[in-house]
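The following exercises are intended for a reader who meets this structure for the first time.

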Amino acid sequence: MANENISGSIGFHGVWVDVLVPLQSDFSIDEGRLASHLRNLSAKGFENFLMFGHAGEGTSFSADEKLAAVTHVIEAGVEANNLLLGVNSSSYTDVAQFIRKACAKGVRRFLVSAPLYDQPYSHIGLFDYFDQLIKQANQSNWQLFIHQLGGKNQASDLPEVTLADLKKAHPQILVGIVDQDIHVNHTVELIRAFDTELAIASCHEPNLTILSPTNVCVSALANVMPNIIKHVIANDFVNNATKVPGMKVAKPDDRVTELMTILGNYPQVAALKLMLSQHYRMESWEHVRPPQSALTKEAKTALLAAFKTFNLQATE
């Protein structure tokens, strides 16, 4: 459904994993385990990563913490060109400075959301924020993706007129939109408005079956079942069904629906980290960074039982 020529020309295609970030007991980033997680995904054939996006608790970390973690994973062998780096601040000068520093390390793709304070903003205010950000970053050969948060934070989304004016003013810099909204119509409207100009990636995995075949997505579920997400965006269901012991054969889209049902109303980041802690057999993966909500004892017990029934397969 999305324009393959746009995504292909800017190198933004396939599954981009919205990377979960492991923490130490003091809630600092466990850079070693983060690099190990990325190596594990790379070994499965998934090498494109959104760092410090929604699943990566991006708003909870400082610029220095993010840059230190990025430096570590690049030194550990992750290609800087395979990273999309989340950054957010009400100060466009802070965002521009962060972009300059990350560009110096080889990072070229950045995901930026509108400021979250003093909403709602006018079209002029939002345009000026991003226009000044781009000018003060003062870098060539980098790509800006707008993070449309949707849902409860939709007041901070850039309206179509602002996106269009920014694309006109900075056609080589603004290249895409990552849509966090759970409503498929929100993504469809973006595709209808900008499909010939911007790459549009949805983050809500259940919507991918409606949007498929599509050539790009940003997925938190890909931390735990990347191959399933790959098959979903390729609209390749029948040939890649999963035979789960004790269960009937389940198509990739069925597995997505099943896992999303399990996650339900639990805090998604904490729930996925719990699932990953079982996969890696490392309890420390359960830590979430305040102010993210940790799971209650009752929620953890219920989720562990559900994960056991779900029976994630190594090939998924």
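Helices (H or I, at least four residues) and strands (E, at least two) are DSSP runs, numbered from the N terminus. This is a predicted model, in which local features need pLDDT of at least 70 and side-chain atom pairs count only at pLDDT 80 or more, while totals for chains, interfaces and linings use all residues. Residues are numbered from 1 along each chain as its sequence is written, and side-chain values use heavy atoms, with hydrogens and water left out.

**Exercise 1. Describe the surroundings of H13.**

Solution. 
Step 1. The loop between α1 (4-9) and β1 (14-18) holds H13.
Step 2. H13 counts as partly exposed, because its relative accessibility is 40%.
Step 3. With neighbours within four places in sequence left aside, the contacts of H13 are S7, G8, N48, N215 and V216.
Step 4. H13 and V218 are 205 residues apart in sequence, and their C-alpha atoms are 9.6 Å apart in space.

**Exercise 2. Which residues does Y92 touch, not counting residues up to four places away in sequence?**

Solution. 
Step 1. Y92 is part of helix α4.
Step 2. A relative accessible area of 29% makes Y92 partly exposed.
Step 3. Under the stated exclusion, Y92 touches Y129, Q132, L133 and Q136.
Step 4. Between Y92 and A80 there are twelve residues of separation in sequence and 23 Å in space, C-alpha to C-alpha.

**Exercise 3. Characterise the packing of α6 with α7 and of α5 with α6.**

Solution. 
Step 1. Two packed helices are described by the angle between their axes and the distance between the axes. Axes are lines fitted to C-alpha atoms, for helices over the stretch in contact, and angles run from 0 to 180 degrees between N-to-C directions.
Step 2. Helix α6 (residues 160-169) packs with helix α7 (residues 184-194) at an angle of about 40 degrees, and their axes are 11 Å apart.
Step 3. Residues E160, L163 and A164 of α6 make this contact with E189, L190, A193 and F194 of α7.
Step 4. For the classes, Ala, Val, Leu, Ile, Met, Phe, Trp, Tyr, Cys and Pro count as nonpolar, Asp, Glu, Lys and Arg as charged, and the others, Gly among them, as polar. The contact of α6 with α7 has five nonpolar, no polar and two charged residues.
Step 5. Helix α5 (residues 123-137) and α6 cross at roughly 35 degrees, and their axes come within 10 Å.
Step 6. On the α5 side H123, L126, F127, F130 and D131 take part, meeting V161, T162, D165, L166 and A169 in α6. The residues of this contact divide into six nonpolar, two polar and two charged.

**Exercise 4. Which residues other than glycine have a positive phi, and which peptide bond is cis?** Treat F52, N311 and P291 in turn.

Solution. 
Step 1. F52 has a positive phi near 65 degrees and is not a glycine. F52 is placed in the loop between β2 (49-51) and α3, and its relative accessible area of 2% makes F52 buried.
Step 2. N311, also not a glycine, has a positive phi of about 55 degrees. N311 is found in the segment after α12 and is partly exposed, with a relative accessible area of 26%.
Step 3. The peptide bond from P290 to P291 is cis, with omega near 15 degrees. P291 sits in the loop between α11 (268-280) and α12 (297-310).

Technical notes
Contact means heavy atoms within 4.5 Å. Buried means under 20% relative accessible area, exposed over 50%, partly exposed in between (1.4 Å probe, protein chains only).
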